[in-house]
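Subject: Structure handover

Hi,

Please have a look at it first and then read on.

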Amino acid sequence: MRRTLIPDLVLDANGARDDIGVTIEAGRIQEVGPATEGERLRAKALAPGFLNNHSHAFQRALRGAVERIEPSHPNDDFWTWRERMYALARGLDPDSIREVSRRCYEEMLSAGYTSVTEFHYVHHRPDGTPYQDPNALAKSVALAAEDAGIRLLLLPVAYARGGLPRFRDPSVLAFLQRVDDLRKWSEWRPLVEVGVAAHSVRAVPQGWLEEIGDYARREGLSLHIHADEQGREIEECLSEHGVRPVELLAQTRSLGPHTTVVHATHADGQELDLLAEHGTSVCACPTTEGNLGDGFLPAAEILGRGIRLSVGSDSHVRIDPFEELREIETNARRLSGRRNVLVAEDETSPTPYLLRAGWGRVGIEPGDPADLVEIDLSHPALADVAAENLPSVLVFGSGSGVVVGTSVDGRNVYAPDETGG
Ligand SMILES: [Zn+2]
């Protein structure tokens, strides 16, 4: 079915236009241009949907439950948080992971995310033996995404050592066989794409990294890996390999334009140079990194080197793309003592750079998937805002509460009910 939506405003990273129609057919944007005939979206603006590029959906179940000190661990930090997360991961089964993931994805849709990259590492039974279908839990996550209606990039994650038995595969070949099987299973699922991931340089040895890096390149798959999140991880990498995590990734053929390094919180200048040289992108997860006390990524240096940036809600302490973007600039201001820090060349505001990072695109363009968000222009946070300032108000002065409609693949998958729910 072909239809044309005419909102009050169509947003892109640089501003807002009125009297513009967005024509959708077969799940894609067909045309964007002046229009008078179509479905009016009154008091609404239309914007691209946000990409949530790093998620562990099951961790949403920790929300609120980990915000107090355990008497046995008076100095709470990332590593004590991780024990609580492991306790949660021990109890998951194919039904419960589907349920918690569906809730998480529904919340994402309500907040304006239209696609999610799921970094999935709970693979096997609690004792480490495979389920009858070794991809049972990964498929549960994919089905949860389909239940909710969100677009999914599913990344089965290689885990060789540490963690829980159920995270680990016996060999890299066994792992890649599972990835192959999952790719075949997902072939006819339009919202599901499969990539590949290695958990981190602490969980995956050098030989595995090489095999996985070669596999991703050969098969043209997205490859994601956590790196430089914690100081201890860097110390351990230096003592095992004599190099820092991103240097090890370069040595093991794991970097390239298809690779995303998640966090890069403590990446040094040389590591950032390597990321830039290989066209590798960085995914920042500021609300989680703040909640876990990780630190803050070197955003100004990332921008300065032209490294592509995306955001993720990671542990889901908060699911709000506007807040993730705001945190990046606000932290850069706190660190530098300046304002308007993350301003790209030939621009005067951080807003377009941040929105491009959040959307993974510049605006609503013909040929793109019809993954769209409706913004409520009558929301109190947006009252009296001039159209040209609307993109900046989204980043700096509002939150996910302004989202009143989300569609994925041209299909409406979120609209609040009449009571405002
Ligand atoms: Zn993560």
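Below are notes on the metal site, the cysteines and the domains.

Please keep in mind that this is a predicted model.

Let's start with the metal. The zinc ion is held by the NE2 atoms of His-54, His-56 and His-226, at 2.1 to 2.2 Å. Along the chain, these donors follow the spacing H-x1-H-x169-H. His-56 sits in the loop between strand 6 (50-55) and helix 1 (78-90), while His-226 belongs to strand 11 (residues 223-227), so this pair ties together parts that are 170 residues apart in sequence. His-56 and His-226 are both buried.

Next, the cysteines. The count of disulfides is 0. For Cys-104, the nearest cysteine sulfur is that of Cys-285, 13 Å away. Cys-104 is buried, with a relative accessible area of 0%. The sulfur of Cys-237 also has its closest cysteine sulfur in Cys-285, but at 20 Å that is too far for a bond. Cys-237 is buried as well, with a relative accessible area of 2%.

Finally, the domains. The chain is divided into domain 1 (3-48 + 363-414) and domain 2 (50-319), and their centres, taken over C-alpha atoms, are 31 Å apart. Where they meet, 14 residues of domain 1 contact 13 residues of domain 2. The area buried between them is about 980 Å², with 57% coming from carbon and sulfur atoms. Asp-371, Ser-400 and Val-408 supply 38% of what domain 1 buries against domain 2, more than any other three residues. There are 2 salt bridges across this interface.

Enjoy exploring!

Best wishes

Definitions and conventions. Residues numbered from 1 in each chain as written. Predicted model: local features only at pLDDT ≥ 70, side-chain atom pairs only at ≥ 80, totals over all residues. Heavy atoms only, no water. Donors = N, O, S within 2.8 Å, 3.2 Å for Na, K, Ca; no water. Helix = DSSP H or I, 4+ residues; strand = E, 2+ residues; numbered from the N terminus. Buried < 20%, exposed > 50% of the residue type's maximum accessible area, 1.4 Å probe, protein only. Disulfide = S-S within 2.5 Å. Domains from an automatic or database assignment. Contact = heavy atoms within 4.5 Å. Buried area = accessible area lost by both parts, 1.4 Å probe. Salt bridge = Lys/Arg side-chain N within 4 Å of Asp/Glu carboxyl O.
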